[in-house]
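Subject: Handover of a structure and notes on its contents

Dear colleague,

Please find below the structure that I am passing on to you. My notes come after it.

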Amino acid sequence: MSILPVESTRSGVRPSKAGVPSDWLTADERAYVTGKSLGRGLRILGVHYVLYFVTLVGAVAPLPIAANLLFAIANGALIGLLFLIGHDSGHSAFVPGRTMNRWITRLVFVPCLHSRSLWDVVHNRIHHRYTNLKGFDYVWAPMSKQEFDASSPLRRGIERVYRSIFGPLIYYWIAFWIPKLVLPVSPEARDEWRRHLSDTLFVLLVGGGVVVGIGVLGSWLAPERALWLTMLLGWFIPFAVWNYLMALSIFLQHNHPEVPWFDNPGEWNFYGGNIRGTAHVDLPFDFLPLFKWVMLHHAHHALPSIPGYKLTEAQALLIEAYGEDVVRYRLTPGEYLKIVRACKLFDYERKQWTDFNGKPTAEPIDLAAHGRETPKDLRAAWPLQPASGPRLAPRRDGRTKHPADDSRVAAPRRAGGGEPSAE
């Protein structure tokens with residue numbers, strides 16, 4: 001049974017079959033970057049869960065409120081980092097074995113109150129198969145001017161907030177959390193609600209138990225503190241921080257003046273959505289490796305079976321192959337404001353971002369695939385070094401070196417806008 005919205009096929013044209021463009025990897029490179037390590041995965045999981053509990057205790061302990069607030073914000077960041085582990089394990093890309101990955105996903109999704117099976121529908125079966133194809137993929141999908149003008153005043157107002165600097169504060173709460181990732185009530189999931197029931201009950205019972213446990217823990221550690229304040233510090237603020245980080249991340253990954261969206265299945269292809277339709281975001285800090293890895297987004301979309309701890313090498317190989325087709329930028333406050341100002345509505349015919357009045361805010365996006373090697377000065381300015389020590393990929397000639405150091409490999413040639421080979 002199809003999981004796609006009924007209206008998405010109104011043109012009668014199905015999008016190109018979802019495949020994996022892997023012509024940027026040799027067989028040896030693919031085997032390396034998709035290799036999973038049980039020991040490494042469990043170490044990452046253990047460290048982040050310990051930090052989650054430490055920051056949770058700090059958020060509700062009898063400390064000055066300012067200290068509690070700092071711990072609460074850190075706890076929200078840890079919820080997000082645990083989620084990123086679940087993101088990888090949801091792709092069976094964290095440790096070896098599908099069953100272990102599934103249970104890791106359930107466990108790390110407890111703090112963010114997500115159903116594993118519903119996440120599989122929303123993220124794996126829709127977003128990854130039809131990235132940036134409006135009507136199929138609805139993750140921060142931009143409205144057209146015609147659609148915006150035809151919407152109700154309330155809906156236009158909501159869209160204006162979503163597309164402002166305040167948007168990440170509310171977007172994920174409203175658009176995704178309960179209607180798509182807790183209860184099987186969305187159009188994509190309701191017909192298969194029995195299949196999702198066990199994971200929904202797991203979220204409601206185990207996740208709900210954790211929320212109650214936060215109140216109990218806070219009342220035990222600081223009995224003089226009001227319960228509402230304990231829950232504010234121990235649950236609401238961390239959960240709001242996590243929601244903000246999640247919404248901000250997916251906005252940055254798929255909204256940029258040079259990132260195209262599509263509304264015609266006949267012109268969309270996997271390459272256009274997953275290589276041209278994502279952004280590589282260089283973060284302004286050199287910690288939180290999990291968060292840095294997830295912002296190396298092209299390699300993840302091109303081959304979701306790559307563990308986060310191998311994305312550094314994989315992304316370097318992809319940039320080497322696809323060159324100018326890779327949208328890449330450093331995240332700064334100024335760059336973020338520029339993106340927010342430019343990315344309000346999208347002209348799907350001209351492939352151009354506009355403001356809410358339909359005035360262009362960026363140049364039309366050239367969809368011709370370049371596939372040229374990345375200039376050496378760009379690679380030197382933004383070296384793709386592993387976040388926590390060298391993890392070196394075996395190269396085509398059998399030697400071992402970091403992928404970004406090898407400029408001898410010819411980039412694959414592609415016809416303009418063509419779809420690369422799929423697997």
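This is a predicted model: local features need pLDDT of at least 70, side-chain atom pairs count only at pLDDT 80 or more; totals for chains, interfaces and linings use all residues.

Residues are numbered from 1 along each chain as its sequence is written, and side-chain values use heavy atoms, with hydrogens and water left out.

The chain as a whole

The secondary structure comprises 16 helices and six strands; these are DSSP runs numbered from the N terminus, with helices being H or I of at least four residues and strands E of at least two. Of the 423 residues in the chain, 55% are buried. Buried means under 20% relative accessible area, exposed over 50%, and partly exposed in between, with a 1.4 Å probe and protein chains only. Among contacts (heavy atoms within 4.5 Å) between residues at least 6 apart in sequence, 72% join residues at least 24 apart.

The nonpolar cores

A nonpolar core is a set of buried Ala, Val, Leu, Ile, Met, Phe, Trp, Tyr and Cys residues joined through side-chain atoms within 4.5 Å. The largest one has 88 residues, of which Trp-24, Ile-85, Tyr-172 and Leu-252 touch the most other members. Helix α10 (residues 227–254) supplies the largest share of this core, eight residues. Another core, of six residues, lies apart from it and includes Ala-72, Leu-229, Leu-233 and Val-241.

Helices and their packing

Helix α3 (residues 65–90) has 26 residues and reaches 36 Å from its first C-alpha to its last, close to the expected 38 Å.

The buried residues of α2, among them Ile-44, His-48 and Tyr-52, pack against α3, α4, α9 (193–221), α10 and α12 (289–294). Helix α2 (residues 38–60) packs with helix α4 (residues 98–108) at an angle of about 10°, their axes 12 Å apart. Axes are lines fitted to C-alpha atoms, for helices over the stretch in contact, and angles run from 0 to 180 degrees between N-to-C directions. The pair is therefore roughly parallel; angles under 35 degrees count as roughly parallel, over 145 as roughly antiparallel, 65 to 115 as roughly perpendicular and the rest as oblique. At this contact, Leu-38, Leu-45 and Tyr-49 of α2 meet Met-100, Ile-104, Leu-107 and Val-108 of α4.

Helix α5 (residues 116–127) and helix α8 (residues 167–181) cross at roughly 125°, with axes that come within 9 Å, and so are oblique to each other. Here Leu-118, Trp-119 and Val-122 of α5 meet Tyr-172, Phe-176, Lys-180 and Leu-181 of α8.

A strand pair

Strand β1 (residues 279–282) is covered on both faces: Ala-279 and Val-281 on one side, and His-280 and Asp-282 on the other, are all buried. Four bridges join β1 to strand β2 (residues 327–330), and the two run parallel. Strands pair if DSSP finds at least two bridges between them. Arg-330 in β2 is the bridge partner of Asp-282.

Two loop residues

Ser-92, in the loop between α3 and α4, has a phi near 55°, a positive value in a residue other than glycine. Its relative accessibility is 22%, so Ser-92 counts as partly exposed. Leu-113, in the loop between α4 and α5, also has a positive phi near 55°, but Leu-113 counts as buried because its relative accessibility is 10%.

With kind regards

Notes
The expected span of a helix is 1.5 Å times one less than its number of residues.
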